[in-house]
Amino acid sequence: MNTEEITETTQETVENVNLFIRFIEDHIPDMIGFGFKILFAVLLFIVGKYIIRAVRRLTAKAFARSNADTGVSQFTDSIIKYGLYTVLVILVVTSFGVNLSSITAILAAAGVAVSLALQDVISNFAGGVLILTLKPFVVGDYIIEDNNKNEGTVKEIQLFHTKLTTVDNKTIVIPNGMLTNNSLTNVTAKDERQLDLRIDISYESDLRKAKRILEDMLRDTPGILKDMEMSVFVDSLGTSSVVLGMRAWTRMDEYWNIRWKLLEDIKLTFDQEGISIPYNQITVHTAQRD
């Protein structure tokens, strides 16, 4: 490279640097203004976030003082949370100079597409409203979703879903639309629950004695509601056993403990009294040939 080329290259570099410096100098006010907009947007989001938390806490306290249904409180909290955060995002966007009418026009234009894409979300929201309105269950109920056999205690009724806790402490999240569009069983809707047991005894055992033992056990077992119907009956005559039925009523919160105790007592008492509980077995007969 000769001296003339070096000089031309140096001049071009100097001119480019001068152009860059001139561009920076001309746009420094705009850059400072944009920086302030970013800073304001960050501060707006932080302050808005704390305000939303405060509003949610105040609302929760108000529901607690009024002894409102827990599901209604949780659902309202979800609406407040999503609604206020949507408003906050719109405020942050408009702080950059975006016209609110432009945002409204974009949302209106995209409304049809969004509604089609969010059909399930809308269905779940409507399901949540129906759950809180019709009250097929409330927080604390034990329910069984009949189609998929999901079951557990209702812990939360949110905007779009309901959370169940199983007996082994797992969490099941079910969309609200599924709970309103399908059948479900509310196990704890009533204060009392019927205890319905089936016990097999052998054909050789004393039927009347077995029935008498079971009747005495129902009368003597704590937790059985004595003022409600109690019965012991022959339910069916099986291929290898007589099937006895027991029916009685208990308090909902005592159901499982009483059921487990009765089954254990039945086995121990039948063993002592010589009542045989048969089990499946196969008898093979062989023909003798001369």
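How much space lies in the largest pocket? The volume is about 210 Å³. The model is predicted: local features need pLDDT of at least 70, side-chain atom pairs count only at pLDDT 80 or more, and totals for chains, interfaces and linings use all residues. Residues are numbered from 1 along each chain as its sequence is written, and side-chain values use heavy atoms, with hydrogens and water left out.

The largest pocket is lined by Tyr142, Ile144, Glu151, Val167, Val187, Thr188, Arg193, Met252 and Trp256. On a 1 Å grid over the protein atoms alone, a pocket is an open set of points where a 1.4 Å probe fits, with protein on both sides within 12 Å along at least five of seven lines; lining residues have an atom within 4 Å of a point. Points are joined across faces, edges and corners, and the volume is the space filled by probe spheres set on them. Six lining residues are nonpolar, one is polar and two are charged. Here Ala, Val, Leu, Ile, Met, Phe, Trp, Tyr, Cys and Pro count as nonpolar, Asp, Glu, Lys and Arg as charged, and the others, Gly among them, as polar.

Five strands form an open, antiparallel sheet in the order β4-β3-β2-β1-β5. Strands (E, at least two residues) and helices (H or I, at least four) are DSSP runs, numbered from the N terminus. Two strands pair if DSSP finds at least two bridges between them. The edges are β4 (171-175) and β5 (184-186); each has a single partner strand, so one side of each is left without a neighbour in the sheet. The twist averages 40 degrees from one strand to the next. Within this sheet, β1 (residues 142-145) and β2 (residues 150-157) pair antiparallel over four bridges. Tyr142, one of the pocket-lining residues, has Thr153 in β2 as its bridge partner.

A further open sheet has three strands in the order β6-β8-β7, again with antiparallel pairing. Its edges are β6 (192-201) and β7, each with a single partner strand, so one side of each lacks a neighbour in the sheet. Neighbouring strands are turned by 25 degrees against each other on average, direction ignored. Six bridges join β7 (residues 231-237) to β8 (residues 242-251). The two strands form a hairpin with four residues between them. Leu237 has Val242 as its bridge partner in β8, and Ser236 stands opposite Val243.

Two helix pairs were examined. The axes of α2 (residues 70-94) and α5 (residues 119-134) come within 10 Å and cross at roughly 150 degrees. Axes are lines fitted to C-alpha atoms, for helices over the stretch in contact, and angles run from 0 to 180 degrees between N-to-C directions. The two helices are therefore roughly antiparallel (over 145 degrees). Their crossing is left-handed, with the near helix turned anticlockwise from the far one by less than a right angle. Helices α7 (residues 207-220) and α8 (residues 255-273) pack at about 140 degrees, with axes 11 Å apart. The α7 and α8 crossing is right-handed, the clockwise case.

How values were computed:
Parallel < 35°, antiparallel > 145°, perpendicular 65-115°, else oblique.
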